[in-house]
Amino acid sequence: MTDNHPTPDPTRPPVEHRCEADPFSIIGLTALARTDPEGWRRRLRDGPPSELKDELAGVMKQVLEGSPPRPGSDDGPTLRQVLLAFSDALYPAPGSSMKVDVVRQSRQLLAAVNEQLGDWPAEFFVRTPQTISQNTHYFQRASGRAPLTPARAQRADALARAALNHWRRVIRASPVVDQLPQTAPSVRPARTTVQLRAVLACLLDATPSERVKIGLAVGAGLSEPQIEALDARDFETCTLAGTAAFDLGLVPGSLMFVRVRDPADGSRVRWVPLPPWLADLVVIAAEAGAGDPFAGAVRLTSTLRRIERGMPQLRLSTTALRVTWQGVMRRAGASHEVVRGSWWQPARGPKAWPERWHRAQADIWRVAREWEFLGSGPGRAFVDGIDKVPAKAPSRCAPHEPELRGRKRRVVGTPLPERLWQGM
């Protein structure tokens with residue numbers, strides 16, 4: 001805005017719409033732009049009506065000619081007065097091509113700011129500008145309308161700050177600047193595993209079908225949506241012996257597999273090998289549920305919440321259980337795609353399992369074969385211990401490579417000949 005107090009145009013038609021008299025109103029704005037497409041911006045730019053000009057004349061003269069108010073004082077204009085006198089969104093500048101929809105939205109947002117904060121000293125928002133968006137977003141408006149959405153509150157904040165900065169430039173004061181946080185930024189807590197002894201205590205207090213769901217999270221790395229989507233047909237036992245085991249480079253044996261479907265692509269699945277202790281839980285639950293290992297089970301989060309009420313020291317969650325499986329696989333040398341669960345295989349066709357094995361599937365088989373009991377093999381270190389699992393793999397880690405880098409070995413050189421060090 002280049003002219004805060006334009007001279008009224010003597011040829012201006014009489015006020016016909018409320019939007020011409022009230023700079024915060026949108027009533028009649030669309031009709032004004034439609035009936036007077038060439039002059040509606042000028043009619044709005046003529047400023048507020050005479051009663052509002054009288055209200056602003058004294059205080060704005062003092063502000064424009066004087067010095068900025070002292071910090072912490074209530075001297076100076078209110079936020080409403082600053083918005084009326086210095087907001088470009090309320091008065092389109094001469095020659096502006098601002099559309100009526102932009103003016104309409106800006107007036108709605110600034111009307112909400114004025115309704116909520118208009119009587120406050122403008123200097124207060126110079127010191128704490130973040131309170132503009134906080135108040136307009138969270139506080140209930142007196143008109144009964146719902147608070148502004150976060151996006152609209154940010155837009156209202158930007159418009160109010162533009163008016164405040166215009167005012168600060170006129171009085172040759174510093175612009176509005178957000179204060180730096182006084183406290184150190186919060187650090188995202190590390191993702192840690194849980195002790196398998198706590199998992200055992202949780203299993204003891206669960207039903208057979210609930211134990212299967214808990215076991216699938218900590219023993220197969222499945223998320224809760226993947227677990228809730230399973231049924232009895234998603235379990236299958238595979239025996240690997242003879243030539244097949246030799247071709248894959250695996251130890252012969254028999255393991256149970258669980259099928260995980262890709263919710264975004266029905267042609268992709270994962271057949272995940274289960275450790276023997278988890279397969280036993282599935283068999284016992286199927287026998288108790290007449291073939292259905294999930295008979296009578298509630299959601300996994302509900303089970304953990306019920307158990308935690310009786311044993312609050314456990315502090316278990318589906319995410320913590322899955323991170324524990326990731327920690328076990330990671331310490332056992334599993335590949336990146338195994339730990340992150342990013343591998344898939346075709347659900348049907350000649351390349352589907354068991355005709356074709358995925359390299360990640362063979363990687364899990366090696367670890368699962370050694371994890372015969374909950375606290376044996378790769379799980380032994382997690383019985384009473386915990387480990388940190390980063391949210392991302394190390395940089396430049398290929399999918400087939402282990403996530404956990406090997407420790408650097410100190411190179412011990414061979415002894416030098418005596419002729420080199422004698423006489424030194």
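**Aromatic contacts and nonpolar cores**

In the predicted model, R270 lies over the face of W344, at 4.4 Å from the ring centre. The charged end of R270 also sits over the ring of W343, with 5.8 Å separating this charged end from the centre of that ring.

Aromatic pairs number 11 in the structure. In one of these, the ring centres of W357 and W365 are 5.7 Å apart and the ring planes meet at 75°, so the pair is classed as edge-to-face, the threshold for this class being over 60 degrees. W357 and W365 are both buried, and the two residues belong, together with F257, W271 and W353, to one aromatic cluster.

The largest nonpolar core comprises 50 residues, of which V199, I214, L216, F235, L274, L321 and M329 touch the most other members. When residues up to four places away in sequence are not counted, the contacts of I214 are with V199, C202, L203, A206, L300, T303, L304, I307 and L321. In soluble globular proteins, nonpolar side chains tend to be buried together.

With regard to the cysteines, the count of disulfides comes to 0, where a disulfide would require a pair of cysteine sulfur atoms within 2.5 Å. C19 has a relative accessibility of 1% and therefore counts as buried; C397, at 13% relative accessibility, likewise counts as buried, because the class extends to values under 20%.

How values were computed. Residues are numbered from 1 along each chain as its sequence is written. This is a predicted model: local features need pLDDT of at least 70, side-chain atom pairs count only at pLDDT 80 or more; totals for chains, interfaces and linings use all residues. Side-chain values use heavy atoms; hydrogens and water are left out. Rings of Phe, Tyr and Trp (its six-membered ring) pair if their centres lie within 6.5 Å; planes under 30 degrees apart count as stacked, over 60 as edge-to-face and the rest as tilted. Buried means under 20% relative accessible area, exposed over 50%, partly exposed in between (1.4 Å probe, protein chains only). A charge sits over a ring if NZ of Lys or CZ of Arg is within 6 Å of the ring centre and within 35 degrees of the ring normal. A nonpolar core is a set of buried Ala, Val, Leu, Ile, Met, Phe, Trp, Tyr and Cys residues joined through side-chain atoms within 4.5 Å. Contact means heavy atoms within 4.5 Å.
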